[in-house]
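Reader: Hi! Could you walk me through some salt bridges and a helix pair here?
Author: Happy to, let's take a look.
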Amino acid sequence: MITKLVGIFLIFCFLFVPGVYGQPFNENDSVNVLIQADRNANYSTVIEYGAPLLRKAQSTNNTGLDRLAGVFFCKALFSVGLIDSSFNLSRRFLQKYKAQNDFVGIVGVYGHLSWVYHQSGQTDSSLFYDTEVVNLLLKEGDPEGALPMSLSKLAMSNLVLGNLDLSLVYLNKSFQIQNDLLFENERDLKSAVFIKAYTHYVAAKVYHSRNEFNQSIFHFKKAVTNFYTINSFHPIAMSYLGMGDSYNRINKADSALVYFNKALLLHEEAKNKKQIVETNIKITLMLIDLGEIDDAIVHFKKVATQIKELYSDEMILGLNDFTHGRLLFSINKIDESIPYFRNSYSFFQKNNNLYFTIENLTYLLKSFVKTNDQDSVKKYKPIFDELVNRGKYYSTSQTRVGYFGKYLHVYDEIASYYIKKRTDNYDLTNEILNLTEQSKARVFYEDLQENSLNIEKRINPAKLNSLKELNKQIIQNQNKIDISTNTDQTTPLKNLVDSLKFLYNGVQAEIKSSDPVFKNFIYQPVISLDESRSLIGKNEGILSLSQSDSFLICLYISKSFSKAWQISLRDLGVIERSEIFKTLGVFQNSSGSEMNNDSLKLKLKEISQTLFAPIIGYLEKIDKLYFTASGFFALIPIEALYINNDELISELAVSYLPSVSFLKLENQKEVGFKKDALVFANPDYIPTKREVYQSGPDLEKSEDSSFFGTKFRGKSSLGKGGTIFFLPLPESESEAKSILSTFPNSDVFTGENAAESQFGQLDLSSYRYIHFAVHCILDAEFPEQSGLVLSQNDTTSTYDGIISLPEIYQLKLNSDLIVLSACKTVYGENIKGEGIVGMQRPFLYAGARNVLVSLWDVPDKETAIFMANFYSNLQNAEDGWILKYLKSLIGLPPKRIKLSKVLQETKMEYRKKHEKDGSLFWASFILIGAD
């Protein structure tokens, strides 16, 4: 009752008593202040300036001013807690506008009511008014240009209700209309910028809800850019928070911390207590993730002081308990942390907050492992499995990578717990395999299964053509941007590319949501111990290494034996990744001065002895090893380690696998070829150059880099501004000729013919072997730039002379082997839960059974000799030409060759001839695949 009386009194004073403020004002300036105050959620200022504007509007019958000030004034009353007054005044305005048949005024009040109900959590009512507004505007016309904002608000209401696909439809329509709008004055222009910013903000929220975090980051950044143009700082702060949340969800705590700090500064300036507390909690969590515990404690103490005024906010209290638990856990007070995790877990589970429910479960399970609470591990692990497995349905592999990478280390922790408990129990060993497989190349394994659906054959051809056409337009306009030096020309092109990408994502979302089989596809489980044994030969074994923060989980499997054990990284003589590169990583030093020294051999022997000790007797009984590893061991050639005082290559052929489960997929593929080999070598490079975004560590090669006195097959020279100059690879031409002489039924392209346009015209599925002896660009930060560099004298708007990673993913291959005879082709980001995401990944996805790659820089001349020997050995391992011809006539597949054996033979020959060089060169080439 008191609130109502106060509200009536204030309205009476503001609207009917002259001189409450008593200050003369300029109408245009006051309107601008009013609009700006509303955008920055400064509602006391809205009330201050709105009241005299309303009086002025009523005294002069200024309908436009009456609408504008009336809506803002009602909104402000609601925001300062005068809710009944806001509704009463809104109804009064609505009755007046209806009596006057004022369509624009009615739309304005409906829009305000939508906002009020949205703020009150009554989203169904908000959706009703948003829909009414849009329908009215479509029916009666849109003289004030209100439709784009109304569509964006309608998208927001649908977002809150979980109708994400429908939200994207409305956002798409809003963007299209905005592109066609014309601006009559500066105020209209600012309003248009605000609408564009808000639409990007809603799009960012939608993509965040769809777990497409890179897309959400893109739109948050667009929103910030536009909000800054019109000095709307409150939505900027909220966009920073959204960006931080998205970066956190893809496991990039350092980037998240940057944006949370930016948001905190703006919230502190605005004195927004709730947002200050929430942001400080998020900053504390990021500091814990980054190991900066002292700074985390400082921020958490601020929260403890500020949170006293917010005890009624359950979300804040839940976050506070979780953060308290994380701090205690980080300083090894595990027992004390568990009650806090239990409290926050119960709250987030009750409120259906999936993200923080999983976060709490993650630390509960780690706590139970550390406190040896076996019953609690058994109780909570199935819940954790069920929640984490929802990540299978995330729409992009990049999103799933970040999602799984954040949580799957828990499986390694539980596997470690089982190993300590008992290692000779069959069921436990099977469980350990299951656990480590779930934390290794998880997303890649699911991508490969998804690809087996052949989704292109299932979807609407018109939608597919639309996707292809949009993709073509994106590439063409991006190429125009790349070659343009005129900023005035590139800005509209960039805006066009952004719009095309948004349309592309919308069509893609429609395709996925409209296909029931694709949408409801249940991924196959990871491989079991029995399955893995059934897929390997009598004289074959599997070695799986999974690296955690402080230990290595090792699992060996053969036909009749399996064993799991754990090794501390300290026992291996390494603690951090930088140290492993000082010891094992000396391979990657291109100076040649320390490559084959005695200390390296000694270090390799020490590591070998520690790693192989539990299974040395079993390794001696096999001749083929399948090897899979995560962490820094994914970059190490295991053939260079030692058994029986000799390098492992002398005893075993080795195939590298993304995961053990990969064996299951490989055995499902069909075989059949029309031709032997396809070769691209020594493309035309001079006098060519190429711009890149920036230079990373792998771009620091100088023009005169040498190894045995010859040129590398990496980037030749990096000039200022990120310009790469490609030098020719003359020895690769002799490499191509030797392959053709060994396999006459082949196609070889060199010089200007080694062009992307030529590559695009070929039926790649007809070749058994595909060989690239070219330069390679691999950029972990900008993977879309990565690719194989073909002739640079044949570039058009369609072909840029590079077969990029995105393009490789789209290929249709049936090859036994892809050979990437270039530098460091396995190089890529080493992602937790995925391993190395390098050039091999898209080729395997596209259908290749095996990919031969290099771990570090390889010399042109020596590589040509090595590859000639490899193909000679490959021919010797094949059927004779008569048998091969007869098989092709009757449709029989060719002989399946153990490529790992052929590679082992080639390496042994090279090692014998170049004994003084040790494992420096031959160990670089590894075979990824299951033979």
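Author: One term to begin with: buried means under 20% relative accessible area, exposed over 50%, and partly exposed in between (1.4 Å probe, protein chains only). This is a predicted model, where local features need pLDDT of at least 70, side-chain atom pairs count only at pLDDT 80 or more, and totals for chains, interfaces and linings use all residues. Residues are numbered from 1 along each chain as its sequence is written, and side-chain values use heavy atoms, with hydrogens and water left out.
Reader: Great. How many salt bridges does the count come to?
Author: The count is 15 salt bridges, each a side-chain nitrogen of Lys or Arg within 4 Å of a carboxyl oxygen of Asp or Glu.
Reader: What does Glu 647 form a salt bridge with?
Author: Its partner is Arg 911, with the closest N and O atoms 2.7 Å apart. Glu 647 sits in strand β6 and Arg 911 in helix α38, 264 residues apart; helices (H or I, at least four residues) and strands (E, at least two) are DSSP runs, numbered from the N terminus.
Reader: And is Glu 647 buried or exposed?
Author: Glu 647 is buried, at 10% relative accessible area, and Arg 911 is buried at 17%.
Reader: Switching topic: at what angle do α12 and α14 cross?
Author: Roughly 30°, with the axes coming within 12 Å; axes are lines fitted to C-alpha atoms, for helices over the stretch in contact, and angles run from 0 to 180 degrees between N-to-C directions.
Reader: Which residues are linked in a network of salt bridges?
Author: Those are Asp 245, Glu 278 and Lys 282.
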